[in-house]
Amino acid sequence: MPPGLRQFAEYQPYTPIMETVRGLLAGTPVGADLVASAAWCAGIALAGYVWAKWKYDKQR
């Protein structure tokens, strides 16, 4: 497994994201999971945008 993917798999950001969503829907405190979830979502969105733009520019 590539090192970047291994680090992602070991940390498993899905648990904080699911706990944050569950907390927001249930109206319970979300604590620091909200910040971690937002950071992961923003990072994944940014990486996806950069990759998609690179692929698009490469095909033109």
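Which helix is K55 found in? K55 is found in helix α3, and we'll come back to that helix several times. Before that, some ground rules. This is a predicted model, in which local features need pLDDT of at least 70, side-chain atom pairs count only at pLDDT 80 or more, and totals for chains, interfaces and linings use all residues. Residues are numbered from 1 along each chain as its sequence is written, while side-chain values use heavy atoms, with hydrogens and water left out.

Let's start with the overall fold. The protein has three helices and zero strands, and reading along the sequence gives the pattern α-α-α. Its radius of gyration is 15 Å, well over the 10 Å that the globule rule gives for 60 residues, so the protein is more spread out than a compact globule.

Now for the surface. Buried residues make up 12% of the 60 residues in the protein, where buried means under 20% relative accessible area, exposed means over 50%, and partly exposed is in between (1.4 Å probe, protein chains only). The protein exposes about 5000 Å², and carbon and sulfur atoms supply 68% of that area. These areas come from the Shrake-Rupley method with a 1.4 Å probe; for residues, only the protein chains shown count as cover.

The mean positions of the 6 positive and 4 negative charges are 15 Å apart. In this tally Lys and Arg are positive, Asp and Glu are negative, and His and the chain ends are not counted; each charge is placed at NZ of Lys, CZ of Arg, CG of Asp or CD of Glu.

Back to helix α3, which covers residues 33–59 and holds L46. L46 is exposed, with a relative accessible area of 53%. Together with Y49 and V50, L46 forms a nonpolar patch on the surface, with about 330 Å² of accessible area between the three residues. Patches are made of residues with over 30% relative accessible area and no salt bridge, joining like charges within 9 Å and nonpolar side chains (Val, Leu, Ile, Met, Phe, Trp, Tyr) within 5 Å.

What about salt bridges? One turns up by the rule used here, which asks for a side-chain nitrogen of Lys or Arg within 4 Å of a carboxyl oxygen of Asp or Glu. The partners are K53 and D57, whose side chains meet at 3.2 Å, N to O. Both lie in helix α3, four residues apart, about one turn of the helix. K53 is partly exposed at 40% relative accessible area, and D57 is partly exposed at 37%.

Finally, some distances, C-alpha to C-alpha. K55, partly exposed at 32%, is 33 residues from R22 in sequence and 35 Å from R22 in space. L46 and R22 are 24 residues apart in sequence and 24 Å apart in space. Over in helix α1 (residues 3–11) sits E10, exposed with a relative accessible area of 61%. E10 and A39 are separated by 29 residues in sequence and 17 Å in space.

Note on methods. Helices (H or I, at least four residues) and strands (E, at least two) are DSSP runs, numbered from the N terminus. The radius of gyration is taken over C-alpha atoms; the globule rule is 2.2 Å times the number of residues to the power 0.38.
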